[in-house]
Every structure is written in structure tokens, then in C-alpha cells.
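The sequence and structure come first.

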Amino acid sequence: AALDAVLTQLGNYVENISNGDEVKILSAGMDVRKDASTGSLPDKVASVNATIGDSAGEIDLSWDKVEGAKSYVVETALSSMDPMEWKHMLVSTRSKAEVGTLKSGSSYHIRVAAVGSVGQGPWSDPLVKVAP
């Protein structure tokens, strides 16, 4: 089960980063699906909520499921940065995630996007949370 979860996360990561580029997918040692052109992008993720995690520098996230989403991408940006620099944090196959390794006491903007068989949908409205 752990191996299956890791391989699914890796596949979702490659799918997101490659943005459907067949050469990039093949260079990662993965097969390419041929019928991904039919369908539409997932809808915008809604109702993103953030709560204090179990450890310092950890924020727990949850959001509404998006129909057709195979995974979700989470990014953060320090609120003090101008212009804001978004950093990829993780890919989740569920409508929740635990973001760690944040600097305690720092304010972060957080956004989530759904990824479906055709590609990544629009980013959620960013929310602001101070890392505990």
C-alpha cells in the first residue's frame, strides 16, 4: 500500500510538472496516455481551509473535492515577498494535505489547484495563514 501511494504521488507529480509534454513524461520513465485530449480541465478548487498542524511550522489544509480531479497541487508563498514567489509544496490525491517545513511565525499565502486527465485547472483563491 505504501509503494502504491508513493508511485501514485510520483505519477501525479510528473503529470503536473510535464504539463502533458510527451518527451518529459517519457524521460521520467513513464508511459503516455494517448486519449488525454478529450475532456476538460478541472474546475477551480473552492473552500480552502487552513488550521494549525500538530507540529511547529505545520499547517493542515482541506478543500472541497473537484469532480474529475485525480490529484491536487499545493503551493505556498511568503506573504512578505514582493513580488510573490510561489513554491511547489506537495501533490495530494485527497482533498486535504499537511504542509510542513514552514518557518514558524511567518505569514504564508497558500493556493491549491486540481489536476485531471487533461491537465491542471485554475488556482484557488489564495488564503493567508501564519505558520505556528
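## Salt bridge Asp 125–Lys 44

Asp 125 and Lys 44 form a salt bridge (a side-chain nitrogen of Lys or Arg within 4 Å of a carboxyl oxygen of Asp or Glu), with the closest N and O atoms 2.7 Å apart. The partners are 81 residues apart and link distant parts of the chain: Asp 125 is in the loop between strand 6 (107–115) and strand 7 (127–130), Lys 44 in the loop between helix 2 (22–27) and strand 1 (49–52). Helices (H or I, at least four residues) and strands (E, at least two) are DSSP runs, numbered from the N terminus.

Asp 125 is exposed at 55% relative accessible area, and Lys 44 is partly exposed at 40%. Buried means under 20%, exposed over 50%, and partly exposed in between (1.4 Å probe, protein chains only).

## Basis of the model

The model is predicted: local features need pLDDT of at least 70 and side-chain atom pairs 80 or more, while totals for chains, interfaces and linings use all residues. Residues are numbered from 1 along each chain as its sequence is written, and side-chain values use heavy atoms, without hydrogens and water.

## Arg 111

The structure holds two salt bridges. Arg 111 forms one with Glu 75, at 2.6 Å from N to O. Arg 111 lies in strand 6 and Glu 75 in strand 3 (residues 71–78), 36 residues apart; both are buried.

The charged end of Arg 111 also sits over the ring of Trp 86, 4.0 Å from its centre, and over the face of Trp 123, 4.2 Å from the ring centre. Such a contact requires CZ of Arg or NZ of Lys within 6 Å of the ring centre and within 35 degrees of the ring normal.
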